[in-house]
Amino acid sequence: MEILKSVAMDLDVFRRGVSALFLRWTALQLAVEHGSSGANFVARDMLATLLALTESSQGTEDFPNETAVEMLYDGFDRMEVDVEDGCGRW
């Protein structure tokens, strides 16, 4: 039971961290503030999807990094925002 509590606490800390990251992410904030009326919904959907991916991979070492990156790019595409920085990493 103690292990389950620890995992739940870790997941809660992760959720708060990801939420804080989304709140401070400049490109996302600009997209929501200056984008279409649906941008806020898209941002919420991105956050929910990222948290769902995390929960589904809980207890494994196989977090779907590429799926998460594609989902984030798709979200920005839905908001019609280009977040490419030219580094060529993704």
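Thr54 is buried in the predicted model, with a relative accessible area of 9%; buried means under 20% relative accessible area, exposed over 50%, and partly exposed in between (1.4 Å probe, protein chains only). Thr54 belongs to helix H3 (residues 39-56). Helices (H or I, at least four residues) and strands (E, at least two) are DSSP runs, numbered from the N terminus. When neighbours within four places in sequence are left aside, Thr54 is in contact with Leu11, Phe14 and Phe63, contact being defined as heavy atoms within 4.5 Å. This is a predicted model, in which local features need pLDDT of at least 70 and side-chain atom pairs count only at pLDDT 80 or more, whereas totals for chains, interfaces and linings use all residues. Residues are numbered from 1 along each chain as its sequence is written, and side-chain values use heavy atoms, with hydrogens and water left out.

Ala31, in helix H2 (residues 26-34), is also buried, with a relative accessible area of 4%. Apart from neighbours within four places in sequence, Ala31 is in contact with Ala39, Phe76, Met79 and Val81. The C-alpha atoms of Ala31 and Glu80 are separated by 8.4 Å, the two residues being 49 apart along the chain.

The chain as a whole contains four helices and zero strands. Of its 90 residues, 24% count as buried. Among contacts with a separation of 6 or more, 58% are between residues 24 or more positions apart.

Three salt bridges were counted, a salt bridge being a side-chain nitrogen of Lys or Arg within 4 Å of a carboxyl oxygen of Asp or Glu. In one of them, Asp12 pairs with Arg16, and the closest N and O atoms are 3.7 Å apart. Asp12 and Arg16 are separated by about one helical turn because they are four residues apart in helix H1 (residues 2-24). Asp12 is partly exposed at 39% relative accessibility, while Arg16 is exposed at 52%.

Glu55 and Arg15 form a salt bridge with an N to O distance of 1.9 Å. This pair links distant parts of the chain, with Glu55 in helix H3 and Arg15 in helix H1, 40 residues apart. A salt bridge also joins Arg78 to Asp45, with the closest N and O atoms 3.0 Å apart. Arg78 lies in helix H4 and Asp45 in helix H3, so this pair ties together parts that are 33 residues apart in sequence. Arg78 is partly exposed at 45% relative accessibility, as is Asp45 at 29%.
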